[in-house]
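Okay, hi everyone, thanks for making time.

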Amino acid sequence: MTETETAIFQPGAAGRGQTLQTQIAARFAQQIHAQLLAQGSRLPSVRACARQQGVSPQTVVAAYDLLQAQGLVEARPKRGFFVRTPRHQPPVAAAQAGPPPLPTHATALMRGMFAQMHAVGSPGLRGMPGAGTLPAAWLQTPALTQAVRRLLRRDGVDAISLEYGHPQGDPQLRDALCQLLAALDVRAQPGQIMTCMGATQALDLITRAFARPGDAVLVEQPGWSAQFAQLAQSGLQLLPVPRGADGPDLERVAHWARVRKPRLMVVVSRLHNPTGHSMSMVSAHRLLQLAREHGFLIVEDDVYGPLCEQPSPLLSAMDALEHTLFISGFSKLLAPGWRVGMVAASRERIERLTDQKLLANLTSPVLTERAVAFLLNQGALRRQGQHLRERLARARKQAVRLALESGCRFESPPQGLFGWLDTGVDADLLAQRLLDRGYLLAPGRLFDPQGMSSTRMRLNFPHALDAAFWKAYAAETAALRKSRG
């Protein structure tokens with residue numbers, strides 16, 4: 001019995017006392033229901049699954065037949081078995097260039113990460129090399145507790161809890177954010193800033209305020225699938241723009257601007273997710289020029305910016321928030337559970353966004369916002385950022401060495417939190433195989449606006465320091481190359 005089969009068919013597992021085909025089918029069904037296998041994902045081939053599980057091909061065929069009978073997978077001639085899209089959720093036409101309705105590949109990854117984080121009393125996953133955040137242990141700091149205690153002593157529970165906060169955000173935090181933005185050469189007054197429940201809500205409020213269903217929006221390819229899904233759920237049409245080392249493909253931006261008249265463009269200037277690229281000054285100037293010429297707004301997502309080690313131009317600084325909206329948050333640097341984010345824009349646009357925020361959730365929590373303001377004013381976040389950048393640099397060096405020794409090829413020089421690498425095999429199949437071994441990957445499909453399969457994957461450097469993971473990675477990529485050959 002193989003290592004994978006032992007992990008799946010261990011004593012006390014759900015499949016105890018069942019036939020092998022029933023156990024295999026149950027395992028896949030569990031992953032599909034938990035959305036760890038997203039709609040459209042391809043299951044391992046019959047031969048590959050048989051080798052992986054140490055069973056006969058006939059057993060795998062019987063397991064896949066059971067899944068088909070349950071309506072969970074479908075066989076596609078000469079292509080294999082795929083997780084089935086429910087009849088009430090037809091695939092989106094290719095011309096729409098957008099992902100299918102939720103659940104998507106993005107929620108599959110996020111569900112897997114949250115399942116691991118909240119798997120109380122169970123072994124859960126062994127590791128998450130595809131995670132989107134720093135390890136939790138890196139973010140634990142006495143400064144958080146100290147800030148809350150001081151605030152409660154100073155202001156009291158009643159003052160913080162018994163009244164709604166300011167709709168635009170806690171005034172103390174907005175004053176502190178003005179100073180933070182000034183250090184980035186983004187000049188904004190408190191009236192040009194609105195706080196929100198993380199950068200995710202910021203983007204949602206922006207699309208509600210400045211776009212309507214059917215409008216087009218430019219997105220980077222690759223980019224973050226959660227944003228693709230978020231935009232598609234708002235009824236927007238996604239126009240993919242290839243992302244290069246210097247920034248988005250400006251010729252493609254100009255083409256889409258002429259023929260589709262987009263309302264928005266979502267772009268990352270510093271430490272692009274997943275490639276790690278930062279935009280060049282030349283590309284930034286030209287992109288702003290295109291926005292002015294064609295009248296679309298640029299949403300500049302800077303959530304990973306605090307981890308940037310080298311100076312890099314910000315569109316919002318160069319543009320003075322005329323055609324840009326700057327969004328960021330503190331979850332990557334401080335504490336994901338606090339959900340404190342921000343938008344900086346012109347006063348008129350902040351007024352429209354505040355109206356949307358009032359309709360969504362009235363105000364945001366005073367305690368966490370005031371605590372972030374305290375940490376900013378005390379310099380704690382600046383020190384935390386410096387500490388994390390130094391620690392990340394050490395982890396990145398080690399993870400890059402392990403990756404190169406395992407046969408990976410980086411698409412761009414590793415920077416920041418993520419590496420964008422070519423595995424040389426089908427990353428979807430590789431992700432499935434390594435999920436069986438307890439490792440959650442982020443295959444390239446997650447970062448494509450059209451959900452196309454890829455040989456690439458995103459690597460989170462601090463989560464990729466386990467030699468056991470790289471041993472499993474090397475074994476599975478070798479097996480996939482052998483089966484392909």
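I'll go through one threonine, then the cysteines, then a bit of the surface. Keep in mind that this is a predicted model.

So, let's begin with Thr 324. You'll find this residue in strand β9, which covers residues 324-329. Is Thr 324 buried or exposed? Buried: its relative accessible area comes out at 0%, and the cut-off for buried is under 20%.

What does Thr 324 touch, if we skip anything up to four places away in sequence? The list is Leu 288, Ile 298, Leu 315, Ser 316, Asp 319, Ala 344 and Ala 345. Leu 288, meanwhile, sits 36 residues from Thr 324 in sequence, yet the C-alphas are 8.6 Å apart in space.

Okay, cysteines. How many disulfides turn up when you search the whole structure? The count is 0. Cys 196 counts as buried because its relative accessibility is 1%. Cys 308 is at 13%, so that one is buried too.

Last stop, the surface. There's a nonpolar patch made of Tyr 164, Leu 358 and Leu 362, and together they have about 320 Å² of accessible area. Leu 358 belongs to helix α14, residues 347-361. Its relative accessibility is 33%, so Leu 358 goes down as partly exposed.

Key
Residues numbered from 1 in each chain as written. Predicted model: local features only at pLDDT ≥ 70, side-chain atom pairs only at ≥ 80, totals over all residues. Heavy atoms only, no water. Patch = residues over 30% accessible without salt bridge, like charges linked within 9 Å, V, L, I, M, F, W, Y side chains within 5 Å. Areas by Shrake-Rupley, 256 points an atom, 1.4 Å probe, with all protein chains shown as cover. Salt bridge = Lys/Arg side-chain N within 4 Å of Asp/Glu carboxyl O. Helix = DSSP H or I, 4+ residues; strand = E, 2+ residues; numbered from the N terminus. Buried < 20%, exposed > 50% of the residue type's maximum accessible area, 1.4 Å probe, protein only. Disulfide = S-S within 2.5 Å. Contact = heavy atoms within 4.5 Å.
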